[in-house]
Amino acid sequence: QVQLVESGGGTVQAGGSLRLSCAASGDYFSNYIVGWFRQAPGKEREFVAAIRWDGFSTNYADSVKDRFTIARDKAKRTATLQMNSLNPEDTAVYFCAGMRGFTWVRTVYTRPDSYHSWGQGTKVTVSS
């Protein structure tokens with residue numbers, strides 16, 4: 001399995017931006033779909049965005065569409081989540097996750113239990 005480490009969280013004012021990074025080690029990263037999830041206090045973990053193993057397709061939750069951008073760099077073995085126009089509802093711990101395989105189906109990659117590799121999470125706080 002691939003090992004994942006997130007970075008880039010912090011505190012930002014509403015309307016601001018943050019860029020999260022996910023560094024991979026271990027298994028061949030290009031065999032993995034990468035997903036970003038978030039979990040706010042008292043809430044379930046929810047899908048934010050995903051990118052296909054080859055980087056040629058992405059998908060976003062409606063709540064972040066047109067504000068967040070997921071990308072990956074195969075050579076650097078990293079994935080990023082650029083977050084713009086942040087609002088207090090985006091406050092959460094953000095997790096990077098890896099799902100090994102080549103099945104690009106939305107009902108699969110939006111589910112947390114489809115992923116077997118998880119980072120430790122990075123906290124994002126958006127103040128009003």
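Analyst: We can begin with a turn: in the hairpin of S5 and S6, which has 6 residues between the strands, Gly55 takes a positive phi near 80°. This is a predicted model, in which local features need pLDDT of at least 70, side-chain atom pairs count only at pLDDT 80 or more, and totals for chains, interfaces and linings use all residues. Residues are numbered from 1 along each chain as its sequence is written, and side-chain values use heavy atoms, with hydrogens and water left out.

User: How do you know that S5 and strand S6 pair?

Analyst: Two strands pair if DSSP finds at least two bridges between them; S5 and strand S6 (residues 58–60) are joined by 3 bridges and run antiparallel, so they pair by this definition. Within S6, Thr58 stands opposite Ile51.

User: What makes strand S5 mostly covered?

Analyst: Buried means under 20% relative accessible area (exposed is over 50%, partly exposed in between, with a 1.4 Å probe and protein chains only). In strand S5 (residues 46–51), 5 of its 6 residues are buried, so the strand is called mostly covered.

User: What joins strand S4 to S5?

Analyst: Strand S4 (residues 32–39) and S5 run antiparallel and are joined by 5 bridges; the bridge partner of Arg38 in S5 is Glu46. In their hairpin, which has 6 residues between the strands, Gly42 takes a positive phi near 75°.

User: Why are S1 and S7 called edge strands?

Analyst: The open sheet has 4 strands in the order S1-S3-S8-S7, with antiparallel pairing. Strand S1 (2–7) and strand S7 (68–73) each pair on one side only, and they are the edge strands.

Notes
Helices (H or I, at least four residues) and strands (E, at least two) are DSSP runs, numbered from the N terminus.
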